[in-house]
Amino acid sequence: MTNPVAEISPKDAAVVFESVSKRFAASGANGAFTALDNVSLTVARGSITGIIGRSGAGKSTLIRLVNGLEKPSSGRVLVDGVDVGALDEAGLRSLRRSVGMIFQHFNLLSSRTVFGNVALPLEIAGMDRGAIEARVRPLLDLVGLADKHGRYPAELSGGQKQRVGIARALATEPKLLLSDEATSALDPETTQAILALLRRINAELGLTVLLITHEMEVVKAVTSDVAVIDRGEIIERGHTFDVFTHPRHGTTRALLSGLPGSKLPEAIARGLKPEAAAGDRVVVRLTFFGAAAERPLISQLIKSIGAEVNIIAGTIDEIGGRPYGSLVVAYGGDAETSGKAERFFAENGLVTEVLGHVA
Ligand SMILES: Nc1ncnc2c1ncn2[C@@H]1O[C@H](COP(=O)(O)OP(=O)(O)OP(=O)(O)O)[C@@H](O)[C@H]1O
Ligand SMILES: [Mg+2]
């Protein structure tokens with residue numbers, strides 16, 4: 001399969017990680033630790049790119065390199081062509097004006113109003129009061145908080161606090177927005193509202209968004225591209241649709257197995273065996289999209305294998321606005337039936353994964 005993320009030319013890249021490693025030195029009883037190992041990754045300008053991985057995989061470390069909160073031990077991180085690791089203090093200050101960041105716990109100042117929080121980066125940049133007013137008001141409109149401008153963080157819901165965080169991140173008119181688990185503390189409905197806001201900002205302001213999360217629903221709903229990081233290494237990347245419908249790495253499959261529709265009914269999952277015995281049925285997940293989604297696949301499958309097919313689970317879903325379907329079916333595991341089924345799957349362009357065998 002082609003690898004679209006790797007093929008972006010550096011001039012179309014908002015961020016380039018070039019063979020980046022990050023080692024943390026030993027301290028006290030803790031030994032040295034390699035958090036990132038030779039990571040190369042390109043974030044396309046204008047994309048919403050997701051970084052997913054288990055806890056401790058290196059996601060936050062990766063994102064902190066982008067705004068210079070960490071420096072690479074080796075390799076380079078380029079933001080709009082500028083080598084972040086080589087910047088001095090003044091260079092870092094200017095970089096941080098062009099890179100906004102939002103956080104899981106919002107990081108608002110409790111002593112400042114909504115307006116005061118959003119205005120803070122502009123005050124630090126030395127902007128005058130009138131210009132600050134002119135910048136902050138439309139941002140509060142954009143995030144839907146115009147009526148809360150005089151409220152304090154303690155008077156806001158989690159979703160409203162994150163809207164303040166987003167407005168503050170946008171105050172200096174950055175070209176890149178970094179998001180570290182920005183929806184992890186929010187309920188599902190509020191998460192969807194914040195994601196819709198991020199999509200709007202991406203579309204209307206042309207802002208590139210680099211988002212890290214352990215929530216696959218978030219990646220599915222909002223990202224165009226995704227990279228999977230495992231123990232400090234990028235193990236898979238591509239368009240989100242391609243990675244989610246053809247995960248190639250076991251870790252990616254494990255991460256995606258939490259998505260609704262990916263789970264098998266408990267009784268089937270318990271009876272599933274890796275090896276087939278005589279007379280067993282084979283359990284296969286079929287993923288289909290495009291034209292295949294519009295054909296009566298199951299009746300055609302039954303016809304071409306000339307045997308019964310059980311449907312065990314199924315969903316129709318959407319990734320980045322593109323519909324796809326997933327069906328788990330079982331049929332006779334004998335060589336003849338399996339051979340016919342495999343030919344049918346290949347002829348119809350279906351992606352298949354053998355999940356196991358049942359008696
Ligand atoms: N300052 C540091 N000193 C030593 N080790 C660190 C430091 N920062 C991070 N690490 C280690 O690097 C690894 C990656 O940490 P990181 O915070 O990037 O993970 P993560 O993928 O963001 O995890 P989570 O999903 O739990 O937030 C972890 O094992 C962590 O303990
Ligand atoms: Mg983290």
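# Exercises on a predicted model

The largest pocket is lined by 19 residues, and those nearest its centre are Arg96, Arg97, Val99, Met101 and Pro121. The model is predicted. Keep this pocket in view for the first exercise.

## Exercise 1: The pocket

Task: Find which elements line the largest pocket, and how its lining residues divide by class.

Solution. 
- Step 1. Start with the elements. Those that give two or more residues to the lining of the largest pocket are α2 (89-98), β6 (99-103), α3 and α5.
- Step 2. Look for the largest share. β6 supplies it, with four residues.
- Step 3. Sort the lining by class. Nine residues are nonpolar, six are charged and four are polar.
- Step 4. The largest pocket has about 630 Å³.

## Exercise 2: A helix and its surroundings

Task: Decide why helix α3 (residues 114-124) is described as largely enclosed.

Solution. 
- Step 1. Recall the cut-off. A residue is buried if its relative accessible area is under 20%.
- Step 2. Apply it to α3. Val114, Phe115, Gly116, Asn117, Val118, Ala119, Pro121 and Leu122 are buried.
- Step 3. Draw the conclusion. Eight of the 11 residues of α3 are buried, so the rest of the structure largely encloses this helix.
- Step 4. Name the cover. The elements over the buried residues of α3 include α4 (129-142) and α5 (158-170).
- Step 5. Gly126 follows α3, and its phi is positive, near 85°.

## Exercise 3: The nonpolar cores

Task: Identify which residues touch the most other members of the largest nonpolar core. Then list what Ile166 touches, leaving out residues up to four places away in sequence.

Solution. 
- Step 1. Take the core of 36 residues. Val118, Val136, Leu140 and Ile166 touch the most other members.
- Step 2. Find the elements. Two or more residues of this core come from each of α3, α4, α5, α6, β8 and α7 (216-222).
- Step 3. Zoom in on Ile166. Residues up to four places away in sequence are not counted, and Ile166 touches Ile102, Val143, Ile194, Leu197, Leu198 and Ile201.

## Exercise 4: The cavity

Task: State how many cavities of 30 Å³ or more the structure holds, and which element gives the most to the lining of the largest cavity.

Solution. 
- Step 1. Count. There is one cavity of 30 Å³ or more.
- Step 2. Give its size. The largest cavity has a volume of about 40 Å³.
- Step 3. Find the elements. α6 (188-205) and β8 (208-213) are those that give two or more residues to the lining of the largest cavity.
- Step 4. Pick the main contributor. β8 gives the most, with three residues.
- Step 5. Classify the lining. It has six nonpolar, three polar and two charged residues.

## Exercise 5: Strand partners

Task: Work out which strands pair with β1 (residues 13-24) and which pair with β11 (residues 281-289).

Solution. 
- Step 1. Follow β1. It pairs with β2 (residues 33-44) in the antiparallel sense over eight bridges. Lys22 has Leu36 in β2 as its bridge partner.
- Step 2. Find the other partner. β1 and β4 (residues 74-79) pair in the antiparallel sense over five bridges. Ser21 stands opposite Ser74 in β4.
- Step 3. Turn to β11. With β13 (residues 322-332) it forms an antiparallel pair over nine bridges. Val282 stands opposite Tyr331 in β13.
- Step 4. β11 and β14 pair in the antiparallel sense over seven bridges. Arg281 stands opposite Val358 in β14.
- Step 5. Seven of the nine residues of β11 are buried, and the strand is mostly covered.

Key:
Residues numbered from 1 in each chain as written. Chains lettered and ligands numbered in written order. Predicted model: local features only at pLDDT ≥ 70, side-chain atom pairs only at ≥ 80, totals over all residues. Heavy atoms only, no water. Buried < 20%, exposed > 50% of the residue type's maximum accessible area, 1.4 Å probe, protein only. Pairing = 2+ DSSP bridges. Contact = heavy atoms within 4.5 Å. 1 Å grid on protein atoms, 1.4 Å probe; cavity = no way out; pocket = protein on both sides within 12 Å on 5 of 7 lines; lining within 4 Å. Points joined across faces, edges and corners; volume = space filled by probe spheres on them. Nonpolar A, V, L, I, M, F, W, Y, C, P; charged D, E, K, R; others polar. Core = buried A, V, L, I, M, F, W, Y, C linked by side-chain atoms within 4.5 Å.
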